[in-house]
Amino acid sequence: MKIVVVGGVAGGMSFAARARRLDESAEIIVLERGNHVSFANCGLPYYVSGEITEQENLLVQTPERLKASLNLDIRVRHDVVGLDARVQEVLVLTDAGEHRISYDALVLSPGAYAARPDIDGLDSARVRTLRTVEDAIALRAEVEAGVRNAVVLGAGFIGVEAAEALALNGISTTLVEFAPHVLPPLDDEHAWPVTQELRRLGVDVRTGVAAQRITADDVGDTVELEDGTLVHADLVVLAVGVRPDTAPFEKAGIACERGAIIIDEHGRTSLPQVWAVGDATASTDPVTGVKRPIALAGPANRAGRLVADHILRPERARAIPTPLGTAIVRVGEVTAAMTGANRASLEQAGIPFQTLHLHPNQHAGYFPGATAVHLTVHIRENDGAILGAQASGTDGVDKRIDVIATALRNHMRIDDLIDLDLAYAPPYGQAKDPLNLAGMLGSNVLDGTLTLWDARDLDLVRSTALILDVRTDAEVATGIVPEALHIPHTSLRERLYEVRDAANGRPVRVMCASGVRSAIAHRVLAQNGFDSASLSGGMTTLRSILQDRADDVLVVPEFVHG
């Protein structure tokens, strides 16, 4: 069998390596447009920052090593520009000209290219992208040459990591994002600590605005934003997203949706003997059912292996699972991660859901270094099925999201998390792990023991209910919701008459710092006949929702008493 692979890196090379292990006699040709067939594209920002010091460390494999170990025919600087499925040939452009290569099986892993929005002056020589090893080398050279001012357009994963890399090198960096907050796949409450950390690193974060034009002159570029702001830049990094690199294959008749190749559960395209994997393919969201490309290395690597199984031993091949979109990013000392559906996608799909917020420590509170893991879990309203989760913090974030991703893959309910038997010792976790606590919280919500209200409903709650703040005097002194009644939770039982008088028939909506004490207060109130609910995640979540507006919304009372 003669197998031709278009594109290397994650999906293509994973396929080729697995195919060789399954069939020693197959002729396997990998055609790669660039100079490197297997490189650490996820590591590029860390070379720019200087954390990865050697260019060679970015190269995972070379054609020579792949030839020696797996007998793969790797051909770099081979750009596939056409496909004729009738005769099973691809048209390839090389330094020597065009030629055709036949195939028995064709695997497409063309990846994605950097999107280029309609911005005047985007062709300036100071505008760069960060998609290839050559891009990273060029950006590192700019850093070492003494660039002083940079603008990063786009605050997705690459944009945020690029901004961090530049700021860590002392470069005055402005990060521009059209969406309302950085890292748009994150919910507001987790994008906010990332924004705060970027600011701590010295990054000027501009959200809700796009670049309108770039004007170049001899001393630098001027980036004009839509709000009229002018930002000087010696360097502009374009990171506004990617698009599936599929034009020649769509032209050849392969069915695509918004540029992404449509595949079945085994990676087969609409053309015979043609498969596809990776960033260029459309995946069905397992939670919402929406089709979208997932530009992540993990799903591409796994899909490559499974497509090789289907081509070479189809009777034993497993289906490609639909990716959950599990992702993680580090910004300074803060980590943010996600898996499954976020709030926006659930709302757009019309799926009824409820969000649980909690802020437990990542390990035992009495052990040095305890810090909060800010965790949210979206669950289906009727049965508590886990739909998605996000977390942020300085430690322990990856572990919790990876476990929830496993739970989500196995269709677990929120109360199933109660019974997870997770490793515990004081330096690593708690006897009740944050995920066990999430399960307990969700179980209480499902069975009616606890009723929650959401920080996003603050304005409605203020107009229709009494807000009861059960924090301490010292905590309330840092800010309280106007017109809220303050009674510390330890005094609540003997002061219920005050709550009854202040509520005057209205519902009571309780809040504390994180949701723990307000849940206790809710049980006291509910068992005394009040219409009560506890603020999910407490003041910690409320501040992350209010963000820069917190100081305008909250008041510091002159005299605090409980």
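**Entry 1: Ser283**

I looked up the surroundings of Ser283 and found that this residue touches Val290, Lys291, Arg292, Ile294 and Pro323, leaving aside residues up to four places away in sequence. I note that the model is predicted. Ser283 belongs to strand β23, which spans residues 281-284.

**Entry 2: helices α1 and α8**

I turned next to a pair of helices. Two packed helices are described by the angle between their axes and the distance between the axes. For α1 (residues 9-22) and α8 (residues 297-312), I recorded an angle of about 35° and axes 7 Å apart. The crossing of α1 past α8 is right-handed. On the α1 side, the residues in contact include Ala10, Gly11, Phe15 and Leu22. On the α8 side, they include Ala300, Gly304, Val307 and Ile311. By class, I noted 10 nonpolar, 4 polar and 4 charged residues in this contact.

**Entry 3: helix α14**

I asked which residues of α14 (residues 496-503) are buried. They are Leu496, Val499 and Ala503. Viewed down the axis of α14, these buried residues fall within an arc of 55°, so they line one face of the helix. The face turned away from the buried side carries Tyr497 and Asp501, which are exposed. I also looked up what covers the buried residues of α14: the cover includes β31 (466-469), β32 (485-486), β33 (508-511) and α15 (516-526).

Terms used:
Residues are numbered from 1 along each chain as its sequence is written. This is a predicted model: local features need pLDDT of at least 70, side-chain atom pairs count only at pLDDT 80 or more; totals for chains, interfaces and linings use all residues. Side-chain values use heavy atoms; hydrogens and water are left out. Buried means under 20% relative accessible area, exposed over 50%, partly exposed in between (1.4 Å probe, protein chains only). Helices (H or I, at least four residues) and strands (E, at least two) are DSSP runs, numbered from the N terminus. The arc is that of the directions from the helix axis to the C-beta atoms. Contact means heavy atoms within 4.5 Å. Axes are lines fitted to C-alpha atoms, for helices over the stretch in contact, and angles run from 0 to 180 degrees between N-to-C directions. A crossing is left-handed if the near helix is turned anticlockwise from the far one by less than a right angle, and right-handed if clockwise. Ala, Val, Leu, Ile, Met, Phe, Trp, Tyr, Cys and Pro count as nonpolar, Asp, Glu, Lys and Arg as charged, and the others, Gly among them, as polar.
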